[in-house]
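Please look through the sequence and the model below before reading on.

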Amino acid sequence: FNVKGSYYVSVEGFRGLFDSITTRDPSSGSYSYECPELESNKLIQIKENLLSLNNKVNSIILKIELIIADVPDNETKAKFNGYLSVFQEISSLIENHVTYLDGVIANPTPSSVEEAVAKTQQLKETLLEKLKGLNA
């Protein structure tokens with residue numbers, strides 16, 4: 001039996017303040033006292049994937065910083081500083097999106113979940129464009 005979240009009550013009329021309210025065991029009727037499924041599990045999985053990706057990005061950032069520290073010529077240093085900038089921006093975008101997802105997961109609505117999935121797709125496209133820019 002769900003003891004957390006929103007509950008629904010069946011009201012059969014306005015005969016009196018409390019006499020019209022009926023409560024039933026959730027298993028005895030064709031309705032549920034639980035909140036409707038909002039695919040928040042999908043958002044939790046997206047968040048976990050983004051956190052994992054960000055760990056990899058931060059590992060790349062550390063490696064680039066080590067390369068920059070050891071490179072003797074300014075031309076190569078400038079090239080790797082460009083890479084560093086892109087990966088730092090990617091990390092920041094991911095962190096901001098994870099913070100956004102935390103808010104949606106904490107208080108999901110059908111529209112906010114749908115919007116979060118759409119924004120995640122936009123983020124994916126943005127990240128791919130930034131990575132493609134490294135090859136240019």
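The protein chain of this predicted model has a secondary structure that comes to 3 helices and 2 strands, and read along the sequence these elements follow the pattern β-β-α-α-α. Of the 136 residues in the protein chain, 21% count as buried. Among contacts in the protein chain with a separation of 6 or more, 62% are accounted for by residues 24 or more positions apart.

**Packing of α1 with α2**

- Helix α1, which covers residues 40–70, packs with α2 at an angle of about 160°, and the axes of the two helices are 9 Å apart.
- Because angles over 145 degrees count as roughly antiparallel, α1 is described as roughly antiparallel to α2.
- The crossing of α1 and α2 is left-handed, and the residues of this contact divide by class into 22 nonpolar, 6 polar and 5 charged.

**Packing of α2 with α3**

- Helix α2 (residues 74–106) and helix α3 (residues 110–134) have axes that come within 11 Å of each other and cross at roughly 175°, which means that α2 is roughly antiparallel to α3.
- On the side of α2, the residues making this contact include Tyr 83, Val 86, Phe 87, Ile 90, Leu 93, His 97 and Leu 101, while on the side of α3 they include Val 113, Ala 116, Lys 119, Thr 120, Leu 123 and Leu 127.
- By class, the residues of the contact of α2 with α3 are 15 nonpolar, 4 polar and 4 charged.

**His 97 and Thr 120, a pair between α2 and α3**

- His 97 lies in helix α2 and, because its relative accessibility is 8% where buried means under 20%, this residue counts as buried.
- Thr 120 has its place in helix α3 and is likewise classed as buried, with a relative accessible area of 14%.
- What joins the side chains of His 97 and Thr 120? The link is a polar contact of 2.7 Å.
- A polar atom of the Thr 120 side chain also lies 2.8 Å from the backbone oxygen of Ala 116.
- When neighbours within four places in sequence are left aside, His 97 is in contact with Leu 50, Ala 116, Lys 119, Thr 120 and Leu 123.

- Ser 85 is found in helix α2 and, at 39% relative accessibility, counts as partly exposed.
- Ser 85 and Ile 61 are 24 residues apart along the chain, and their C-alpha atoms are separated by 8.9 Å.

Note on methods:
Residues numbered from 1 in each chain as written. Predicted model: local features only at pLDDT ≥ 70, side-chain atom pairs only at ≥ 80, totals over all residues. Heavy atoms only, no water. Axes fitted to C-alpha atoms, helices over the stretch in contact; angles between N-to-C directions. Helix = DSSP H or I, 4+ residues; strand = E, 2+ residues; numbered from the N terminus. Parallel < 35°, antiparallel > 145°, perpendicular 65-115°, else oblique. Contact = heavy atoms within 4.5 Å. Nonpolar A, V, L, I, M, F, W, Y, C, P; charged D, E, K, R; others polar. Left-handed = near helix turned anticlockwise from the far one by under 90°. Buried < 20%, exposed > 50% of the residue type's maximum accessible area, 1.4 Å probe, protein only. Polar contact = N/O pair within 3.5 Å; in protein donor to acceptor, adjacent residues only side chain to side chain.
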